[in-house]
Amino acid sequence: MDKNIIVLGLGRFGSAVAVELAKSDIYVTAVDLDYHLVEKIASSVSNAVQADITEEVAMKSLGINNFDIAIIATGSDLEASIEATLICKDSGVEQVIAKASSVAHARILKKIGADMIVFPELDTAQRLAKALSGPTLMEVIEFSDEVSLIKVKARKKWVGKSLVDLDFRKEYQMNVVAFERDGHMIIDFDPNALIEENDTIVLIGSNENANRIQE
């Protein structure tokens, strides 16, 4: 375990990132102010803590300066993501990866020192990603040597079925974190909603399983 990573914010996106990193034998500390979110993820990560990620004293008590990578996974609360990013950079965290909800949000995060910006809700050429040549795999964001976030166009066999029916976790060992429809990225989705022809599914999992989903 050569990396020590802290994930700040345990919504759908942050929780999925934390769990997948932990599965890759990476020491992961997951943090959120909501006790129920912390309790839910506790058995899946190395360490789960209830704390306010915008409070410098609370973050210092967690030893924030000892982490190699911090992932700021709260994108909807602009103030919280900015405060958390500043605390991490001021504390000397080597690499800060921050989730952004818009280009303007990303610009602010970059200016205050974020090393990498992730856009689960945006389809933009500025996204830090690499394109792959597969006909259905659109995009990949590598969080580490082991874990990737991918966007995949809905396949014909998925159309008309719900995420519950498809069970990506069982079939591909990948977790669905969002899906895109009509140009809009949906994070709070109904798992029973039916997949439509032009939908794009956003998943997170190991690089091995990301490659396997192309087959």
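A polar contact is a pair of N or O atoms within 3.5 Å, where one must be able to donate a hydrogen and the other to accept it. In this predicted model, the backbone oxygen of Ile87 and a polar atom of the Ser91 side chain are 2.7 Å apart.

**Sheet**

- Six strands make up an open sheet with parallel pairing, and their order is β3-β2-β1-β4-β5-β6.
- The edge positions are held by β3 (47-50) and β6 (116-118); each has a single partner strand, so one side of each has no neighbour in the sheet.
- On average, and with direction ignored, neighbouring strands in this sheet are turned by 20° against each other.
- Four bridges link strand β4 (residues 69-72) to strand β5 (residues 95-99), in the parallel sense.
- Ile71 has Ile97 of β5 as its bridge partner.

**Nonpolar cores**

- The largest nonpolar core has 30 residues, and the members that touch the most others are Val7, Leu21, Val28 and Ile71.
- Helix α1 (residues 12-23) supplies the largest share of this core, with seven residues.
- A separate core holds 25 residues, including Ala58, Ile64, Ala84 and Val96.

**Helices α4 and α5**

- Helix α4 (residues 78-90) lies across β1 (4-8), β4 and β5, and runs at about 170° to β4.
- Helix α5 (residues 103-111) has His105, Ala106 and Leu109 among its residues, and these three are buried.
- Those three residues span an arc of only 100° around the axis, which means that they are on the same side of α5.
- The cover over the buried residues of α5 includes α4, β5 and β6.
- Gly113 follows α5 and has a positive phi, near 115°.

**Thr85**

- Thr85 is located in helix α4.
- Its relative accessibility is 0%, so Thr85 counts as buried; the cut-off for buried is under 20%.
- Beyond its neighbours within four places in sequence, Thr85 contacts Ile72, Val96, Ala98, Leu109, Ile112 and Ala114.
- One of these contacts, Leu109, is 24 residues from Thr85 along the chain, with 7.3 Å between the two C-alpha atoms.
- Leu109 is also one of the buried residues of α5, and α4 is among the elements that cover them.

**Ser91**

- Ser91 sits in the loop between α4 and β5.
- Ser91 has a relative accessible area of 16% and is therefore buried.
- When residues up to four places away in sequence are not counted, Ser91 touches Ile64 and Asn65.
- Ile64 is also a member of the core of 25 residues.

**Glu180**

- Glu180 belongs to strand β9 (residues 175-181).
- With 11% relative accessibility, Glu180 counts as buried.
- The side chains of Glu180 and Lys151 are joined by a polar contact of 3.1 Å.

How values were computed
Residues numbered from 1 in each chain as written. Predicted model: local features only at pLDDT ≥ 70, side-chain atom pairs only at ≥ 80, totals over all residues. Heavy atoms only, no water. Core = buried A, V, L, I, M, F, W, Y, C linked by side-chain atoms within 4.5 Å. Buried < 20%, exposed > 50% of the residue type's maximum accessible area, 1.4 Å probe, protein only. Helix = DSSP H or I, 4+ residues; strand = E, 2+ residues; numbered from the N terminus. Pairing = 2+ DSSP bridges. Axes fitted to C-alpha atoms, helices over the stretch in contact; angles between N-to-C directions. Contact = heavy atoms within 4.5 Å. Arc of directions from axis to C-beta.
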